Amino acid sequence: MPYSKFSLMPKLRLREGDCLLLPYLDSEKAMYVKSALPKEIQKIAHSPKDAGGNLTLWRGKSGGRDLLVRSVRLDAKYSDSHRELKKAVAATVATAAKEGCRRLVVLLNTQHSDWLLDVHEAAWLGAYSFDRYLSKKAKPIPIVATGLNATGALGRLLREREVIFEATNIARDLMNEPSNVKNPVTLAKEYERWARKSGLRVKVWDDRRLVREGCGGLLGVGMGAKAKPRMVIAEYAPRGARKHLCLVGKGVTYDTGGYGLKSAASQIGMKYDMGGSATMFGAATAIARLRLPLRVTVITPLAENDISGEAIHTTAVLTTRSGKTIEVEHTDAEGRIILADALTLAGERKPDWIIDAATLTGACVVALGEEIAGVFGTDPKFTQSLIAAGQAEGELFWELPLHLPHSEKIKTTIADVKNRGDAWGGAVTAAVFLKQWVADDARWVHIDMAGPGCKEAALDHLGKGAKGFGVKTLVRLARILSTGK
């Protein structure tokens, strides 16, 4: 989990090999004190000509030190300045490393202290890389923000954000692990270790326990793999907590599609199909480490959807923990099946709120693209609270309709429901399927994060590979639920 070390420097003190980043809000307004720069650089410092542009201003000696100086405008037409600064810092630290610079220094002034949080996040998340299997590893260069002090409330906020960012990056590490390393057994052990280290009580149900507990959905999906399924249940229960949030995450460690086999191209990225579980464990561990006054239970069913002589066939009928039966019309619609057992477990605990997250449907990606997660909810206020928390964190969610008439699409003659509808509105049908395992009076939100959860290419300041999407949003939402602010 390499990332750039972040630090603060109240006054600019240049070193050999520094790369300076000079941010501008527009063509004129600098976000730094120009007089802090060496005089020869003051003379040539200016904003890029184009909105949202960037520019190399200097490469050479200044005061005997070799420097690289770049400027950036944060007024891109279809973005906002905070998002653009994070992107600029992540891009510049990569450029600086290629140019042989030793650190990146971002200049800000006290009028723009809010942007310090963006530089901080870019260091932790934007400069992250997964290099475990590279024979040659590059050490990230440090990032320094200068012109500001982080004392009092701001200092505490930075430390709290680091807890969230660390959890996000651990989630990314687990998602990035290849399929020959990660399976339900190994991932359950990682979640157990992570949960205990963070102060959560945790238990893992193996396949024999799953039989006793009647989790036939999870068992059915996972029976074809050599590594058998697991259910991981962890709880954070601080003294005096009056409210209870239950987080449920889909954990398909690899999805071949089963006998409804995906093409080779479609299987690329399926190591991320446990992203919902990583997001939920990341959020829960951060909540516990931050000691938020909210009881949190995280439940994640883990399975590998594989092919063997034991794998389920199309038309198989599975009996879930709730007693409801599912006809498997397509073995590649497996995530909703394992979530049925997990949502039943969540409901048995009678929490105040339930949220599930899953890289569930390609239909959601078709509807919203790779950068936006779809949300479906039973309680409008709760659903909007999650969307607003995401907006504040720069993670995008869009509400889609929980259109219950789609229940007609999953009717079948030999079981209570089938696991697939027709060709239209697939994300809606999947959400309506999950609703069958959620009580009518439950305040429940379903997050279909197939887009940002499985996006391989870069997303804003986040580089290639797993993004850890949703961890920041859920921690912010938990703080609101627990404290009202």
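Here are some questions and answers about a predicted model, taken one feature at a time.

Q: How much of helix 3 is buried?
A: Helix 3 runs over residues 116-126, and it is largely enclosed by the rest of the structure. Its buried residues include L116, H120, W124 and L125. The buried count for helix 3 is ten of the eleven residues.

Q: Which strands and helices do the buried residues of helix 3 pack against?
A: Several elements surround these residues, both strands and helices. The strands are strand 1 (6-9), strand 5 (103-107) and strand 6 (143-146). The helices are helix 2 (81-98), helix 4 (152-176) and helix 15.

Q: How many charged residues are in the contact of helix 3 with helix 4?
A: On the helix 3 side, the contact includes L116, E121 and W124, and these meet residues of helix 4 that include R161, E162 and F165. By class, the contact has eight nonpolar and three polar residues. The number of charged residues is five.

Q: Is L125 buried or exposed?
A: L125 is part of helix 3. Setting aside residues up to four places away in sequence, L125 touches F165, T168, N169, R172, H461, L462 and K472. Its relative accessible area is 2%, and under 20% is the cut-off, so L125 is buried.

Q: What distance separates the C-alpha atoms of L125 and E166?
A: Along the chain, L125 and E166 are 41 residues apart.

Q: Is helix 9 oblique or roughly parallel to helix 15?
A: Helix 9 covers residues 275-289 and helix 15 covers residues 471-483, with their axes 8 Å apart. The angle between them is about 45°. Roughly parallel would need an angle under 35 degrees. The angle therefore makes helix 9, relative to helix 15, oblique.

Q: Which residues of helix 15 make the contact with helix 9?
A: Helix 9 passes helix 15 in a right-handed crossing. From helix 9, the contact uses T279, M280, G282, A283, A286 and I287. The contact has eight nonpolar, two polar and no charged residues. On the helix 15 side, the residues are V471, L474, V475 and A478.

Q: How many disulfides does the count come to?
A: A disulfide is a covalent bond between the sulfur atoms of two cysteines. The sulfur of C101 is 4.8 Å from the closest cysteine sulfur, in C19, which is too far for a bond. C19 counts as buried at 0% relative accessibility, and C101 counts as buried at 7%. The count of disulfides comes to zero.

Q: What is the phi of R291?
A: Most residues other than glycine have a negative phi, and most peptide bonds are trans. R291 is in the loop between helix 9 and strand 11 (295-305), and it counts as exposed at 70% relative accessibility. R291 is not a glycine, yet its phi is positive, at about 55°.

Q: Where does T315 lie?
A: T315 is a residue other than glycine with a positive phi, near 80°. T315 lies in the loop between strand 11 and strand 12 (317-319).

Q: Is T383 buried or exposed?
A: T383 lies in helix 12 (residues 380-393). Apart from neighbours within four places in sequence, T383 is in contact with V375, G377, T378, E399 and V445. With a relative accessible area of 1%, T383 is buried.

Q: How far apart in space are V365 and L108, C-alpha to C-alpha?
A: V365 is found in helix 11 (residues 362-368), and at 25% relative accessibility V365 counts as partly exposed. Leaving aside neighbours within four places in sequence, V365 is in contact with E370, A450 and G451. V365 and L108 are 257 residues apart in sequence, and their C-alpha separation in space is 38 Å.

Methods:
Residues numbered from 1 in each chain as written. Predicted model: local features only at pLDDT ≥ 70, side-chain atom pairs only at ≥ 80, totals over all residues. Heavy atoms only, no water. Axes fitted to C-alpha atoms, helices over the stretch in contact; angles between N-to-C directions. Helix = DSSP H or I, 4+ residues; strand = E, 2+ residues; numbered from the N terminus. Parallel < 35°, antiparallel > 145°, perpendicular 65-115°, else oblique. Left-handed = near helix turned anticlockwise from the far one by under 90°. Contact = heavy atoms within 4.5 Å. Nonpolar A, V, L, I, M, F, W, Y, C, P; charged D, E, K, R; others polar. Disulfide = S-S within 2.5 Å. Buried < 20%, exposed > 50% of the residue type's maximum accessible area, 1.4 Å probe, protein only.
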